Amino acid sequence: MLNQRLQQKLLQKLSPQQILLMKLLQIPSMALEQRIKQEIEENPALELPEDSADNQEEEEFGEVDETPAGTEDEVETDEFKESSPEDEFDFNDYLDEDEIPAYRMEANNQAPDDEQHEMPFASGTSFQEFLISQLGLRELTEKQYQIGLTIIGNLDDAGYLQRDPNAMTDDLAFSQGLEVTKEEILEVLKVIQDLDPPGIGARNLQECLLIQLRRQEDRSRDVEAAILILERNFDEFTRKHYDKILKKSRITEEELKGAIQEILKLNPKPGDSVSETTRLNNYVIPDFSVRNINGELELTLNSRNAPELRINRTYMDMMEVYSENKHTKGKEAMMFVKQKIDSAKWFIDAIKQRQNTLYVTMRAIMEYQEDYFRTGDETMLRPMILKDIAEKVNLDISTISRVANSKYVQTPFGTHLLKTFFSESMQKDSGEEVSTREIKKILADFINAEEKGKPLTDEQLTEILKDKGYNIARRTVAKYREQLNIPVARLRKEL
């Protein structure tokens, strides 16, 4: 039985232009450059102004093809004719001992407001290469050298060997065709642990610290006490149960203090001491800049966020030509050109909308948090959620979220991610609305000023905050402390 009925539905569909804008909003300025390059490669109708200038120069130089009849062969012959010795020149002829020094030929024509577009990079010897170069200086057989390479290849970034020796025997059997025993691997591991930096090749933190202490030439009483503590009371030391260590080790409190000072000098991650200089650094390119000029806050948008794009003039001319052609092939070509031009226009409009959205959003954040941008005091940050900015600029919350999660702003007090300015609100006993960022700052200040011998517990911190008018629970204090990467009171204790 067939039924016919009328149904009304409310559907929301995003246009391709809206999807493009959302994707462009969530990428930072550095990634935007790559996205624009990709779009230009895929769509020849889109170009940068400098690209058109280069094409124009090529067209001007291309007009040389108008050579007189009969001279084409002569030109080709001259192009491929071998140069005579008289035509060759020596670079020494252009060097003069009395030439002007290079520093006098340089000019600094950059204004303070000019943006720098250099891309910094780091180079150097990698962590593994540094160890392999030392391994080659040891007297090892070819088999031991291959075992050493396998061990070095299994070290993590901190310099620890996390892989089981039994598993490495299988690796060497399958990859190198070498039959080795666990004892042979452990023998070469001792050689690796004797390389620099001290502590490399350890299988756990206890072994790493002991290797560094045993390699010290000056084996003082404090060093000997430190070795004794790590060998016999490592668990108590990590938990800072100093009373138990004093009872078991039968040492005085002064000797314990000296041993702890020696242990604190050690490097728990020896691999970082080498890899820090060679590890790729993540440089942050700010999307915005906020400056305080004579008491007035000035907001500028990074020029990378506002590139000048335009439609290729050649494609516009092709569109005019094909529009006059009434043939079928001409229509197909016209549709192709029209599609590329429309796509280029959409992309240009999306870039402009992105620029406007970024600016108005950051402007609203700057005005909302004006006290902070003037003083740099985190306690001056007002409670602010995405909805507050969305209502102020009349945009969707998801749009504000895309902007805040991936954009950085440069201020006189450092470069910060936009989402760090957003925080929940909490009401004090006086009824005043304060930001959770303010409470975290006060909490960190109290912990920094505490007596290290008797650090403040979460319960004590809760009571202190309540006395200040911040009525929050102990579990909330613990949550804020963990978000600040501050350990519990027991682990903050010092002798």
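1. E236 is buried, with a relative accessible area of 15%, where buried stands for under 20% relative accessible area, exposed for over 50%, and partly exposed for what lies in between (1.4 Å probe, protein chains only). The model is a predicted one, in which local features need pLDDT of at least 70 and side-chain atom pairs count only at pLDDT 80 or more, while totals for chains, interfaces and linings use all residues. Residues are numbered from 1 along each chain as its sequence is written, and side-chain values use heavy atoms, with hydrogens and water left out.

2. The partner of E236 is K248, and the closest N and O atoms of this salt bridge are 2.8 Å apart; a salt bridge here is a side-chain nitrogen of Lys or Arg within 4 Å of a carboxyl oxygen of Asp or Glu. Because E236 lies in helix α12 (residues 234-238) and K248 in helix α13 (residues 242-249), the pair ties together parts that are 12 residues apart in sequence. Helices (H or I, at least four residues) and strands (E, at least two) are DSSP runs, numbered from the N terminus. K248, at 54% relative accessibility, counts as exposed.

3. By the salt-bridge rule the count comes to 20. One of these joins the side chains of D194 and R138, at 3.2 Å from N to O. D194 sits in the loop between α9 (182-193) and α10 (205-214) and R138 in the loop between α6 (127-135) and α7 (142-153), so this pair ties together parts that are 56 residues apart in sequence. D194 is partly exposed, with a relative accessible area of 37%, and R138 is likewise partly exposed, with a value of 33%.

4. The side chains of R492 and E450 also meet in a salt bridge, with 2.8 Å from N to O. This pair links distant parts of the chain, 42 residues apart, with R492 in helix α24 (residues 489-492) and E450 in the loop between α21 (436-448) and α22 (458-467). Both R492 and E450 are buried.

5. R363, E367 and K392 belong to one network, joined by salt bridges that share partners.

6. Helix α23 (residues 474-483) has T476, V477, A478, Y480 and R481 as buried residues. The buried residues of α23 pack against β7 (425-427), α21, α22 and α24, where contact means heavy atoms within 4.5 Å. N485 follows α23 and has a positive phi, near 60 degrees.
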